[in-house]
Structure formats: structure tokens, C-alpha cells
Amino acid sequence: LYTSVDQGMTLNVVYQFPQLHMHFNNVASDASGTRLIATAGYPMTGIYISGDSGKTWGLSWVTGELSAAQWGNVASSDNGQYLVVSDEQNRGCAWISNNYGQSWKKTPVCKGVHNLAISGDGRLMFSTHAACSGYFGSHNARTHYISRDYGVSWSSHMHACQPREPM
């Protein structure tokens, strides 16, 4: 894992994971860069959490039906307390944590989550499903899911896709 303090001009190794073939999907951090969260896919699937700018890492367990999921997108609030991740096995559900990744709860947003975002205070969470390009099949609409209460409840908003210009 590399970090940079100069907008990517130089990279510094902060942690070498023991598994040689780790495949990380996404990484997010709090506003200070102290609390990091990374999602990994096969073969060492998991949600990895660091509280010391990436010097050490721990595996954050999601118990129950998805303890060994392929984890994808991730977003963090400014202080790292509120986190949202997507799984890539269980119909693309969004999962939230309100305690720095110590525990996780599946949201009702389970329709092929593409992108995730979260506001600085964690109150607003946003998720998209089904790109108009037909990534998950032939779709005529894109659905956005929004939570305005720290992920407790979600509402959906569907938008029609615009026709593509011929190439």
C-alpha cells in the first residue's frame, strides 16, 4: 500500500501485505488520512481497516450470510465513523457501519450497486445502480438511492437514460 503527501508526485510504501496476490478493489480514508478502509477480492477477500495511516491493518468481519463476500466500492465520512461498502456477490448490496467498521448492517439497497458516496458528517449516503450502458444487462433507466439519516432508511429515484449518439 502506498501513500502520497504531494498529490501523487512521489509514493511511499506504508504497508506490504503478507499475501503476494492480494487484489484490492477500492480504498477510502477519513479527512485526515488516519483511518483507512480497503476492500479486497479473491483470494484474500475482506474489508481491511487501519487506524494509523496504513501502518497496520485488521480484517473487519461481516458475520452471517456474507462473511466471505467479494467486496467492491467503499466510502468514508470525514471522521471515518460512517462507512459504506458494496458486495459483488449478493446482488450488489450496500452495507453500512456507524462504528468505524467494527460491525456492519446490510441496507435494503441490493440491486447491483455501482458507486457509493457519503457526506462528511455521514448523514447523507448515495448509491447508484445500473449504468445506462447496460453493464448489468439491457437497462433503460438508472436508479439512485439516497439516505438522509445515516443509512437507516433509503429512497430510490429512477432516471431515464438518454439515447446515445451514433459513433
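Two strands are taken to pair if DSSP finds at least two bridges between them. In this predicted model, S3 and strand S4 (residues 36-40) run antiparallel and are joined by 5 bridges. Within this pairing, Ala28 stands opposite Ile37 in S4. Strands of a sheet pair through backbone hydrogen bonds, in either a parallel or an antiparallel manner.

The two strands belong to an open sheet of 4 strands, arranged in the order S3-S4-S5-S6 with antiparallel pairing. Its edges are formed by strand S3 (24-29) and strand S6 (58-60), each of which pairs on one side only. From one strand to the next, the twist averages 30°.

## Aromatic pairs

A pair of aromatic rings is described by the distance of the centres and the angle of the planes. The structure holds 2 aromatic pairs. In one of them, the ring centres of Trp71 and Trp95 are 6.0 Å apart and the planes meet at 85°. Because planes over 60 degrees apart count as edge-to-face, the pair of Trp71 and Trp95 is assigned to that class. This pair links distant parts of the chain, with Trp71 in strand S7 (residues 71-76) and Trp95 in strand S9 (residues 93-97), 24 residues apart. Both Trp71 and Trp95 are buried.

Tyr82 and Tyr150 also form an aromatic pair, with 4.8 Å from centre to centre and 35° between the planes, and this pair is tilted. Here too, distant parts of the chain are linked: Tyr82 lies in the loop between S7 and strand S8 (83-87), Tyr150 lies in the loop between S13 and S14, and the two are 68 residues apart. Tyr82 has a relative accessibility of 14% and therefore counts as buried, whereas Tyr150, at 32% relative accessibility, counts as partly exposed.

Gln7 is located in the loop between strand S1 (2-3) and strand S2 (12-13). With a relative accessible area of 76%, Gln7 is exposed, since the cut-off for that class is over 50%.

Terms used. Residues are numbered from 1 along each chain as its sequence is written. This is a predicted model: local features need pLDDT of at least 70, side-chain atom pairs count only at pLDDT 80 or more; totals for chains, interfaces and linings use all residues. Side-chain values use heavy atoms; hydrogens and water are left out. Buried means under 20% relative accessible area, exposed over 50%, partly exposed in between (1.4 Å probe, protein chains only). Rings of Phe, Tyr and Trp (its six-membered ring) pair if their centres lie within 6.5 Å; planes under 30 degrees apart count as stacked, over 60 as edge-to-face and the rest as tilted. Axes are lines fitted to C-alpha atoms, for helices over the stretch in contact, and angles run from 0 to 180 degrees between N-to-C directions.
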